[in-house]
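Please open the model in your viewer and keep the selection panel at hand. The tour below goes from one selection to the next and says what can be found at each stop.

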Amino acid sequence: VKITQMTALDVRFPMPPGAGSDSLHVDPLYSFATCKLRTDDGLEGTGITFTLGRGNEVVTAAIRAFWPFVRGHDVAELAADLGARWRAWANESQLRWLGPHKGAIHLGLAAVTGAIVDLWARSEGKPLWRLLLDLSPEQLVALADFSTISDVIDEAGALELLRERRLPEAEIAAQLERGYPGYDTSVGWLGYSRDQLVTNALSSVGRGFRAVKLKVGSPDIATDADRVAAVREAVGPEILVMVDANQCWSVPRAIEAGRALASSDVFWFEEPVHPDDVLGYRDVATALAPMRIAGGEHVPNQVVFKNFIRAGAIQVAQPDVVRLGGLPEFLGVALMAAEAGIPVLPHAGETSQIHQHLILFTRCVLGLPELPLETIPHLAEHFVDPVQIVKGRYRPPTVPGIGAALQPDSLARHAATTEVLT
Ligand SMILES: [Mg+2]
């Protein structure tokens, strides 16, 4: 089954007022740079990466740049050796200069890799989580690229980990039966008033969620502390309350804010400072311990994640498979985090479509703790098979693929350009 056609689409969705807003991203237009691949037997695979609107056309161009390297290739052959193939694409000697392994070119690679994995899962007739749970440790190791992380984990270490950590089959069956817990980030946008936050948080708990996350980064810390305390008081002590500063603070300011928020029993403090500031994160984590520091949605590759983990700079890893270069790099990050004993809770907002599969892998195969996975419902109507959350828990998807396929109607209305490459 050979790949014969690529379509790169610039898809942007209008948002309700205030939705998606945080301390630095005040007017988001949720968008997907989308890669569709077709095979000679008519199968179609879809991969996406996420942007906030402007610049989506740059990432769409980056997707097209990979066409010569996947054109005409057999899906099963690519899948069997995906780690090595991915490494070659990520290191393509001219495109590499645009990164390496970061920025628009890496986002483009994430979408292309996603489309290939989608084709693979569809050709196997399995949702991605099932496909991953059915692979042997040797097959899983062949999906990752250890070339830049072997000082922390190599193939042999990964094999050992995969053989040791998998949950017993009865526990996996029970996990699939009860579904995976989620939390809804759309409760706590920074653009919402204090009263709205409390109302939304109570409504979320009423729908069965056991965790809420609130955006922080208001002009003064007292306002944030008051908003978070109001929600904590409303939801009571049993519900997890997390906060997310979306990178807005300096290191001293983040430490000051963390101290002001600590009395609300914050389960994690997400993105306190600039996402490249590994040692700044470490200083925040040291100053605020035992408060957990979370980060990763803007960490571009497994090398930077390795540095965060080695520095003790994060206690919750939040990789995003569409920010990283796709499944191979997500696996690298998940293996390093599991080795270090750090939970992996992907940044999954708009891409919980894909991460609902990956969290079942990290839970069942890597044995990581059952902590809640993010979701944001604003784009649900645009997916062919939107996430199903019942009483606060994701139902395991049943449709083959990675879950990224978009409704034809939505594409017709919201895709700006459609260029078909053959
Ligand atoms: Mg976040």
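How many of the 10 residues of strand β1 (residues 3-12) are buried? In this predicted model, select residues 3-12 to begin: seven of the 10 are buried, and the strand is thus described as mostly covered.

Next, move to the open sheet of five strands, whose order is β5-β6-β7-β8-β9 and whose pairing is parallel. Its edges are held by β5 (211-215) and β9 (316-317), and because each has a single partner strand, one side of each is left without a neighbour in the sheet. Inside the order, select β7 (residues 266-270) together with β8, which pair in the parallel sense over three bridges; here W268 has R292 of β8 as its bridge partner.

With the sheet still displayed, select residues 221-235, helix α11, which lies across β5 and β6 and runs at about 165 degrees to β6.

Finally, select the magnesium ion, whose protein donors are D244 (OD), E270 (OE) and E297 (OE), at 2.0 to 2.2 Å from it. Along the sequence these donor residues follow the spacing D-x25-E-x26-E. D244 belongs to strand β6 (residues 240-244), whereas E297 sits in the loop between β8 (292-295) and α14 (302-310), so that this pair, 53 residues apart, links distant parts of the chain. Both D244 and E297 are buried.

Technical notes. Residues are numbered from 1 along each chain as its sequence is written. This is a predicted model: local features need pLDDT of at least 70, side-chain atom pairs count only at pLDDT 80 or more; totals for chains, interfaces and linings use all residues. Side-chain values use heavy atoms; hydrogens and water are left out. Donors are N, O and S atoms within 2.8 Å of the metal (3.2 Å for Na, K and Ca); water is not among the atoms, so sites may look incomplete. Helices (H or I, at least four residues) and strands (E, at least two) are DSSP runs, numbered from the N terminus. Buried means under 20% relative accessible area, exposed over 50%, partly exposed in between (1.4 Å probe, protein chains only). Two strands pair if DSSP finds at least two bridges between them. Contact means heavy atoms within 4.5 Å. Axes are lines fitted to C-alpha atoms, for helices over the stretch in contact, and angles run from 0 to 180 degrees between N-to-C directions.
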